[in-house]
Amino acid sequence: MGELAKDSIRRELEDAVCYDIDNMRLLLAEDFRHTKGFVFLEGPDDVKFFRRQLSDVAIGIEYYGTGGKHGIEKALADESMKDDRVIGICDRDYSEEQADRMFYCDKCCLELMVISENEVWHKFCDLYYNGEEDYTSVLSGILRQLAPVSMLRKENAQKNAGIEEIDFRKLKFGKYLDVHNIDICQAFTDCGWKGYYEHCLRLAANLTDEELYEYTNGHDLYKILGMICEGGKGPLGEKKVRDILYKKYERRNFVKTDLYNDLKQYQNQEGRAWKYVD
């Protein structure tokens with residue numbers, strides 16, 4: 001992608017954030033009794049998901065999709081948004097920092113938080129997985145095979161081992177998937193990442209099963225699931241997988257998360273009349 005195109009996209013995101021901030025300023029001013037909590041979210045999928053998990057709109061929660069995590073960070077840093085009622089919820093991805101008034105999904109991202117709930121994953125498989133492997137083995141096997149890519153994403157995000165500016169759009173999993181087997185080595189070679197493969201493979205080999213959930217990119221996982229899980233008209237595709245899993249995730253699943261507990265602790269501080277979770 002050329003620099004002009006990148007600048008254009010960056011301006012669009014910044015404009016979107018400014019639009020959200022302008023609306024939020026008005027809402028904050030209207031809430032002169034300080035009874036409402038306001039949440040910046042990463043995008044429309046997150047908005048639909050969290051409408052079902054957070055307190056009902058009647059209690060005063062407002063939702064805004066911005067421009068991803070960086071959009072939320074910019075919004076919260078705006079001088080007019082430095083208000084305890086305004087928070088953000090986003091994916092942690094590979095960040096090790098804890099930003100003020102930012103709350104992070106469990107695991108690597110929202111997709112992994114959802115699918116790590118066994119009940120949700122098993123309900124999904126009952127309807128859409130037709131293979132012979134047990135449900136737990138299918139998921140853990142895919143996470144393990146994706147691990148070298150997950151480590152490359154982590155190293156790239158943290159600029160470790162001289163790895164940075166990797167273009168992951170080159171990676172087309174469909175070319176390397178045979179039933180449940182992913183030829184990750186060939187994918188690294190075809191994408192021009194062969195020099196990083198052994199390093200990422202070593203890192204991947206040391207990951208525990210729990211750490212696989214901490215580092216796997218949600219888009220990578222859901223793309224694979226979209227190819228091997230089928231509905232009435234063939235493979236589901238990434239978007240359909242996301243929509244189905246998000247709908248099967250209930251509030252009683254959410255209350256078991258660290259994110260829920262973090263939000264509860266924040267809203268229960270002395271002097272706060274607003275709330276984000278019940």
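Guide: On α3, the exposed residues H70 and A77 sit on the face turned away from the helix's buried side. Exposed means over 50% relative accessible area, buried means under 20%, and partly exposed is in between, with a 1.4 Å probe and protein chains only. This is a predicted model: local features need pLDDT of at least 70, side-chain atom pairs count only at pLDDT 80 or more, and totals for chains, interfaces and linings use all residues. Residues are numbered from 1 along each chain as its sequence is written, and side-chain values use heavy atoms, with hydrogens and water left out.

Visitor: Which residues in α3 are buried?

Guide: They are G68, K69, G71, I72, A75 and L76. Seen down the axis of α3, these buried residues fall within an arc of 160°, so they line one face of the helix. The arc is that of the directions from the helix axis to the C-beta atoms.

Visitor: And how many helices and strands does the protein have?

Guide: There are 13 helices and eight strands. Both are DSSP runs, numbered from the N terminus: helices are H or I with at least four residues, strands are E with at least two.

Visitor: Is M81 buried or exposed?

Guide: M81 is buried, because its relative accessible area is 0%.

Visitor: What does M81 touch?

Guide: Leaving out residues up to four places away in sequence, M81 touches I21, M24, R25, L28, F40, A75, L76, V86 and R101. A contact means heavy atoms within 4.5 Å.

Visitor: How far apart are M81 and D22?

Guide: Their C-alpha atoms are separated by 9.9 Å. Along the chain, M81 and D22 are 59 residues apart.

Visitor: What share of the contacts comes from residues 24 or more positions apart?

Guide: That share is 66%, taken over the contacts with a separation of 6 or more.

Visitor: Let's switch to cysteines. How many disulfides are there?

Guide: The count comes to zero. The rule asks for a pair of cysteine sulfur atoms within 2.5 Å. A disulfide is a covalent bond between the sulfur atoms of two cysteines.

Visitor: Which non-glycine residues have a positive phi?

Guide: E165 is one of them, with a phi of about 60°. V179 also has a positive phi of about 60°, and V179 is not a glycine.

Visitor: Where are they?

Guide: E165 lies in the loop between α6 (135-158) and β5 (177-178). V179 is in the loop between β5 and β6 (181-182).

Visitor: Are E165 and V179 buried or exposed?

Guide: E165 counts as exposed, at 65% relative accessibility. V179 is exposed as well, at 59%.

Visitor: What about K154?

Guide: K154 is found in helix α6. K154 is buried, with a relative accessible area of 15%. Not counting residues up to four places away in sequence, K154 touches Y94, N160 and Y215.

Visitor: Last one: what percentage of the protein is buried?

Guide: Buried residues make up 47% of the 278 residues.
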